[in-house]
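Biologist: Please show me the model. I would like to ask about it step by step.

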Amino acid sequence: MRVNGIGVGRAVAVGPVKRMPDPLPEPSETATHDGEDAEIARTRSALQQVSAELTDRGNRAGGDAKNVLDAQALMAEDPTLVDDVIARIKAGRTGQRAVHEAFLEFQVMLVGLGGYMAERAADLGDVSQRVIARLTGVPAPGVPESDKPFILVARDLAPADTALLDLDKVQALITRDGGPTSHTAILARARSIPAIVGVGSTDELTNDRMVIADASDGSILLDPSDDEVADAKRRIEERRAAANAPITPGALADGTPVQLLANLGSPKDAAKAAELGAEGVGLFRTEFLFLDSSSAPTVQQQKEQYVALLKAFPGKKVVVRALDAGADKPLAFLNDSEEENPALGLRGLRVLRAKEDILREQLTALVEAAKETEAKLWVMAPMVSEPEESEYFTSLAHELGVEVAGSMVEVPSAALLAGQILETSDFVSIGTNDLTQYTLAADRLLASVGHFQDPWHPAVLRLVAEVGKAGAESGKSVGICGEAAADPALAVVLVGLGAKSLSMTPAALADVRAELLTVTMEQAQARAQAALRASSAAAAREAASAAAEPANA
Ligand code: PEP
Ligand code: MG
């Protein structure tokens with residue numbers, strides 16, 4: 001039996017399923033307990049057990065994770081909180097309700113304090129869920145633990161879950177919700193975890209059932225035969241070998257250079273990207289640094305992060321994107337209004353413009369950081385939708401000392417007016433994730449319309465072609481920094497449409513580098529033209545692949 005979803009990456013994984021428990025329902029407000037003393041003892045014991053379990057997990061995890069888990073272990077035994085829980089039990093609440101209420105009140109207070117304290121509120125919520133799970137006899141939420149490798153099946157994953165995954169154990173992710181360019185999928189790709197998202201129903205994927213998850217076609221094979229397992233293991237080995245091929249600068253078979261750059265969300269990932277042969281950074285998502293911050297980071301706080309990033313790429317180009325806040329990445333200090341359709345709202349450059357002080361501080365921090373390093377800093381604005389916005393951003397950036405300032409092309413209007421945008425922008429970079437979402441009018445986070453979120457769609461490719469043409473006419477650089485660049489076959493088509501650089505999650509660099517070396521520019525253009533003439537994403541894929549066949553085959 002097979003279940004299908006949307007594959008992220010091209011890797012294959014084999015292993016037993018482990019399901020991530022769904023979030024717990026809120027404990028009943030009206031339920032009562034059988035006796036105060038017994039309820040207090042039971043609750044104290046659950047708090048202590050959770051604290052011990054978190055300490056133990058921290059000791060095993062080490063590093064940054066240990067600090068987070070140790071702090072959580074302390075929260076579970078915090079005397080003020082424990083007293084509050086006991087007082088609520090004495091007032092008639094069940095242990096689980098008392099824990100829910102006491103922890104929630106504390107969380108609200110932390111959020112009110114702002115800054116570092118507010119960032120701990122989510123950790124407190126996680127502790128509370130673990131204690132409630134113990135008291136109600138259900139599995140604790142969060143990534144399950146196991147001594148053996150497994151394939152994680154979840155409704156969806158929070159970025160924090162993805163960041164803490166133990167990659168020795170988690171071989172692949174399968175999620176019921178999410179699209180191929182949701183930020184969960186992006187983080188999975190960044191950590192080289194094969195993922196299949198938007199599966200719809202995961203009911204068949206029960207605990208311990210063996211599966212083969214193949215991200216290259218988004219399929220999950222249940223109860224595979226020995227031959228099928230052997231075949232999957234052979235493919236896993238082949239990929240390992242390809243990843244070890246020599247690292248050369250990106251180029252086509254005829255020597256045409258195609259700069260291969262990294263998409264990064266933290267300076268911590270910079271060294272690994274350089275090791276994998278990234279020739280610089282094509283997209284640094286600065287908003288990922290501040291997702292948990294309730295107040296705007298200071299110039300100094302930002303500068304430290306940017307220096308750490310730029311130092312990893314001496315002499316190389318590093319394209320930093322100004323904060324792209326809104327929609328699926330709201331920042332508390334930028335997005336404070338409720339919007340019915342946040343993807344179409346005050347996001348990206350629009351909100352930075354409304355809060356120009358924050359934009360000015362970010363640009364200042366970047367300029368100061370660049371002065372302390374050897375990297376070549378380029379800065380670009382997210383969600384530019386018309387030439388006037390490009391002019392606004394680039395003139396402000398130049399005024400504050402940014403030497404190279406550009407615009408992202410993620411909205412169809414920007415693609416159609418790329419020529420005019422390039423009159424003021426020093427370069428453009430196409431964000432195919434949002435460009436696809438807005439061209440096909442399909443929310444990139446919504447599994448029900450996930451099949452529209454396919455950058456192979458000829459309508460998207462036509463817009464890319466427009467930008468490529470404008471780039472050639474102006475002599476300015478056109479790059480791609482959406483997930484499309486990480487698909488080797490599509491990367492060839494994008495180069496055929498005029499992209500001069502491709503930026504992707506570092507894990508994809510080896511596959512894309514290898515594929516580019518198999519085609520000349522003439523062949524890349526032929527494949528691009530074939531894809532442009534198609535009338536669906538699937539047909540474009542097929543047409544490009546047919547154009548790749550030798551004429552006499
Ligand atoms: C994009 O939209 O393609 C892009 C690169 O930006 P993000 O995925 O961060 O929205
Ligand atoms: Mg985008």
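Biologist: Which domains does the domain assignment of the chain give?

Modeller: This is a predicted model, where local features need pLDDT of at least 70, side-chain atom pairs count only at pLDDT 80 or more, and totals for chains, interfaces and linings use all residues. Residues are numbered from 1 along each chain as its sequence is written, chains are lettered from A and ligands numbered from 1 in the order in which they are written, and side-chain values use heavy atoms, without hydrogens and water. Domain bounds come from an automatic or database domain assignment. The assignment gives domain 1 (2–20 + 143–224), domain 2 (36–136) and domain 3 (259–552).

Biologist: How many Å separate the centres of domain 1 and domain 3?

Modeller: The centres are taken over C-alpha atoms. The separation is 26 Å.

Biologist: What is the radius of gyration of the chain?

Modeller: The radius is taken over C-alpha atoms, and the globule rule is 2.2 Å times the number of residues to the power 0.38. With 553 residues, a compact globule would have a value near 24 Å, which agrees with that of the chain: 25 Å.

Biologist: Is Ala-508 buried or exposed?

Modeller: Ala-508 lies in the loop between β16 (501–504) and α20 (509–516); helices (H or I, at least four residues) and strands (E, at least two) are DSSP runs, numbered from the N terminus. Buried means under 20% relative accessible area, exposed over 50%, and partly exposed in between, with a 1.4 Å probe and protein chains only. Because its relative accessibility is 9%, Ala-508 counts as buried.

Biologist: What share of the 553 residues in the chain is buried?

Modeller: The share is counted over the chain. Buried residues make up 51%.
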